[in-house]
Amino acid sequence: MGKMNRRSTKDKDANGHPSASNGKKVELGKKVTLLSGISVITGTIIGAGIFISPKGILQHSGSVGMSLIVWIACGVLSLFGALSYAELGTCIRKSGGHYTYLLEAFGPEVAFINLWANLVAIRPAGMSVISLAFGQYILEPLFTPCGVPPLAVKLVTAVGLTSVMFTNSMSVTWTARIQVVLTFCKLVAVIFIIFPGLYYLFKGETRNFENAFELNKVEISSLPLAFYSGMYAYAGWFYLNFVTEEIDHPERTVPMAICISMGIVTTCYVLINLAYYTVMTADEILSSEAVAVTFANKVMGDLSLAVPVFVALSCYGSMNGSLLALSRTFLVASRERQLPEVYSMIHLRRNTPIPAVLILYPLTLLQLFVGNIYSLLNFMSFLRWLSIGVVVVGLVYLRYTQPDLPRPFKVPIFIPVVFSLTCFFMVFLSLYSDPINTGTGFAISLTGIPAYYIFIHFDWKPKWLKRALDSINRTLQILLEVVPADQ
């Protein structure tokens, strides 16, 4: 990876380090507070799923009571994972999340394989699906009772995705503020569902809870699938660790934000499901394509049209929070010389990592308009839980290899052990239940091995290719007005 030339418009300080023409340092500031940290976690976890299709857990758990137990248990297991990440985030104070922790624990090869899978498949697919959900639900009130044209969904989705990219490129502060507002909107949507449900529950509408723990429909072989769905619904608690370097007082903020967020999300999820079960029978939930919409139609009347709008805002918040976090992975990977240097550069005046923000934009747009993104999602969970499980094993490994590493926040050893075993159980379950798609995902990950040795380890390139790459990097640096960050 060739060295970049600094822009001539950029000054240097007394130590020879780059600085903006106004004298300010070019760096990512400490702009993520406790409130915005809670908003990143809560706003990313609560996506479209809890409003649209909680029926997966009910279907596989076999009863109303067992499904509520699964929701609570998944919240506790996710808290175990989040606490493990809190320890990692306070002792390894680098942004990048999974990538950084794999790099510190197991070296560059394992970290690059994770980076490769995220870059070429997982993140574009995941961003495409949540973006399409935004497009679908923001247009639904305008086309009711007719269906929304697919092309209209894709065009509005592209506009929404572009606006998220633009906001993240312009200001970290405004991105965090927007995330706070969108998280508030999500909680309003949650309240819109919880309060009517609890009102009917306190009025004595408990017939749907009769025989809630009937065991005749519970199949032990299906319970792992219920946990799989539940853990997917809680996914997102790890995103704050992607922006560790931008967190104000991370040793205090990270653990507090994680614990408060997981408490909020678990409480909301359980109460939402109580509301659903109070108003709808189990059969109605299982037959519904969009549970929150069905709930609103039964309870809210004309106000039910507001539900798709809140779902769309929920999806937009997930898009915004995910991009804020994921871009830092590519920035850190570039700093480690596993991506071109331009992706670690910061805008001269806005102090935002514009190249790292935009890296997913072309692939995500491509996924929106061509290709079957849903088949990619089938193995996204496999790769996600595999990498998270290995990361948490890395926490245990670091306890023994680096016992003197400062750990302002330290969890009991049984917490990472239980959580990593849960992750690997879900990985093996997915291999058993869907070998084709998970096998495809595993194969995509394995392509990262030759890519690592070709592009990183040996770094053998013809001189003409090196000159071309250097020219492209310099051109991007000039067009985007970015420079290496101050150290």
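A residue counts as buried when its relative accessible area is under 20%, and as exposed when that area is over 50%. The model discussed here is predicted. Tyr85 has a relative accessible area of 0%, so Tyr85 is buried. Trp237 is likewise buried, at 0%.

Both residues belong to the largest nonpolar core, which has 129 residues. Tyr85 and Trp237 are among those with the most contacts inside this core, a group that also includes Tyr269, Tyr276, Trp385, Ile388 and Phe419. Leaving aside residues up to four places away in sequence, Trp385 touches Met231, Tyr232, Ala235, Trp237, Phe419, Cys423, Met426 and Val427.

The count of aromatic pairs comes to 20. One of them joins Phe80 and Phe414, edge-to-face, with 6.0 Å from centre to centre and 85° between the planes. Phe80 lies in helix 4 (residues 64-91) and Phe414 in helix 17 (residues 414-433), so this pair ties together parts that are 334 residues apart in sequence. Phe80 counts as buried at 17% relative accessibility, whereas Phe414, at 46%, is partly exposed.

The ring centres of Tyr85 and Trp237 are 5.2 Å apart and the planes lie at 85°, so this pair too is edge-to-face. Because Tyr85 lies in helix 4 and Trp237 in the loop between helix 9 (223-234) and helix 10 (250-279), the pair ties together parts that are 152 residues apart in sequence. Tyr85 and Trp237 form one aromatic cluster with Tyr101, Phe238, Tyr239, Phe242, Trp385 and Phe419.

A ring can also face a charge. The charged end of Arg177 sits over the ring of Trp174, 5.0 Å from the ring centre.

Key: Residues are numbered from 1 along each chain as its sequence is written. This is a predicted model: local features need pLDDT of at least 70, side-chain atom pairs count only at pLDDT 80 or more; totals for chains, interfaces and linings use all residues. Side-chain values use heavy atoms; hydrogens and water are left out. A nonpolar core is a set of buried Ala, Val, Leu, Ile, Met, Phe, Trp, Tyr and Cys residues joined through side-chain atoms within 4.5 Å. Buried means under 20% relative accessible area, exposed over 50%, partly exposed in between (1.4 Å probe, protein chains only). Contact means heavy atoms within 4.5 Å. Rings of Phe, Tyr and Trp (its six-membered ring) pair if their centres lie within 6.5 Å; planes under 30 degrees apart count as stacked, over 60 as edge-to-face and the rest as tilted. Helices (H or I, at least four residues) and strands (E, at least two) are DSSP runs, numbered from the N terminus. A charge sits over a ring if NZ of Lys or CZ of Arg is within 6 Å of the ring centre and within 35 degrees of the ring normal.
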